[in-house]
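I open these notebook entries with a request to keep the sequence and the structure in view. The entries follow the order in which I looked things up.

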Amino acid sequence: MSDHILENNEVQVIGKAITETAFSHKVYGEGFYSFDIEIPRLSESSDVVPVTVSERLLTQVGDISGKIFKVVGQFRSYNQYEEGKNRLILTLFALEIEEVDEKELSKNANALHLKGFVCKNPVYRTTPFGREITDILLAVNRSYHKSDYIPCITWGRNARYANSLKTGDAIEIWGRIQSRAYQKKLESGEVIQKVAYEVSVSKMEISDENNKPEFEEDDTI
């Protein structure tokens with residue numbers, strides 16, 4: 001695999017496939033499928049992350065449900081039209097996938113590195129318990145003049161630092177993909193369960209990246 005492909009956006013996770021594959025879409029004649037992978041945290045909880053994988057890679061692993069996989073790829077975004085508006089969909093796009101032993105789950109199972117540009121002014125807030133949080137939307141350049149838009153969440157000292165950033169600032173971050181369940185109330189009054197995906201940032205710094213942000217929407221993965 002070319003290092004250039006992963007220069008701005010690299011993810012490696014190890015987890016258990018908890019769903020079967022389902023057809024997602026086709027690009028230039030190549031079919032892509034999706035499934036969910038459960039990745040343990042250091043605590044007793046876990047993150048459930050959607051994975052998109054090409055049919056070419058799937059032929060190498062066969063049936064997947066219940067198996068443990070190491071997936072190397074990129075955290076990507078695309079727009080999906082829902083309920084009269086565009087919704088940002090996030091997925092782990094697999095560039096490599098291999099079955100591994102269950103003992104691998106005890107290692108660093110969820111690691112991410114991104115280099116990109118702040119594309120909205122950060123939003124600083126505090127929780128009812130006084131914990132400081134700053135939300136960042138990061139635009140990460142991809143090949144063919146495309147960009148992925150990745151929501152990131154920072155905590156504590158990182159949150160105070162992130163609050164000073166401005167749109168267009170180039171930053172580099174390290175962290176993990178996080179899934180978060182929440183409830184959404186519909187206009188009918190019905191309450192449904194939803195899942196949001198974001199990057200939980202453990203380290204960040206100003207990047208020496210000289211390329212200008214492109215901020216171009218991408219409808220494909």
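Entry 1. I looked up the side chains of R41 and D47, which meet in a salt bridge at 2.7 Å, N to O. I take a salt bridge to be a side-chain nitrogen of Lys or Arg within 4 Å of a carboxyl oxygen of Asp or Glu. The model is a predicted one, in which local features need pLDDT of at least 70, side-chain atom pairs count only at pLDDT 80 or more, and totals for chains, interfaces and linings use all residues. Residues are numbered from 1 along each chain as its sequence is written, and side-chain values use heavy atoms, with hydrogens and water left out.

Entry 2. I then asked how exposed the two partners are. R41 has a relative accessible area of 26% and is partly exposed, whereas D47 has 1% and is buried. Here buried means under 20% relative accessible area, exposed over 50%, and partly exposed in between (1.4 Å probe, protein chains only).

Entry 3. I noted a second salt bridge at D47, where its side chain meets that of R176 at 2.9 Å, N to O. Because R176 lies in strand β11 (residues 170–185) and D47 in strand β4 (residues 46–54), the pair ties together parts that are 129 residues apart in sequence. Strands (E, at least two residues) are DSSP runs, numbered from the N terminus. R176 counts as partly exposed, at 22% relative accessibility. I recorded R41, D47 and R176 as linked in a network of salt bridges.

Entry 4. How many salt bridges does the structure hold? I find eight of them. One of these joins the side chains of K70 and E98, at 3.5 Å, N to O. This pair links distant parts of the chain, with K70 in strand β5 (residues 68–82) and E98 in strand β6 (residues 85–99), 28 residues apart. K70 is partly exposed at 24% relative accessibility, and E98 is partly exposed with a relative accessible area of 39%.

Entry 5. I turned to V201, which lies in strand β12 (residues 191–206). Is V201 buried or exposed? Its relative accessibility is 6%, so V201 counts as buried. Leaving out residues up to four places away in sequence, I list its contacts as C152, I153, T154, W155, N158, I173, W174 and G175; contact means heavy atoms within 4.5 Å. For T154, I noted a separation from V201 of 47 residues in sequence and 5.3 Å in space, C-alpha to C-alpha.

Methods:
Helix = DSSP H or I, 4+ residues; strand = E, 2+ residues; numbered from the N terminus.
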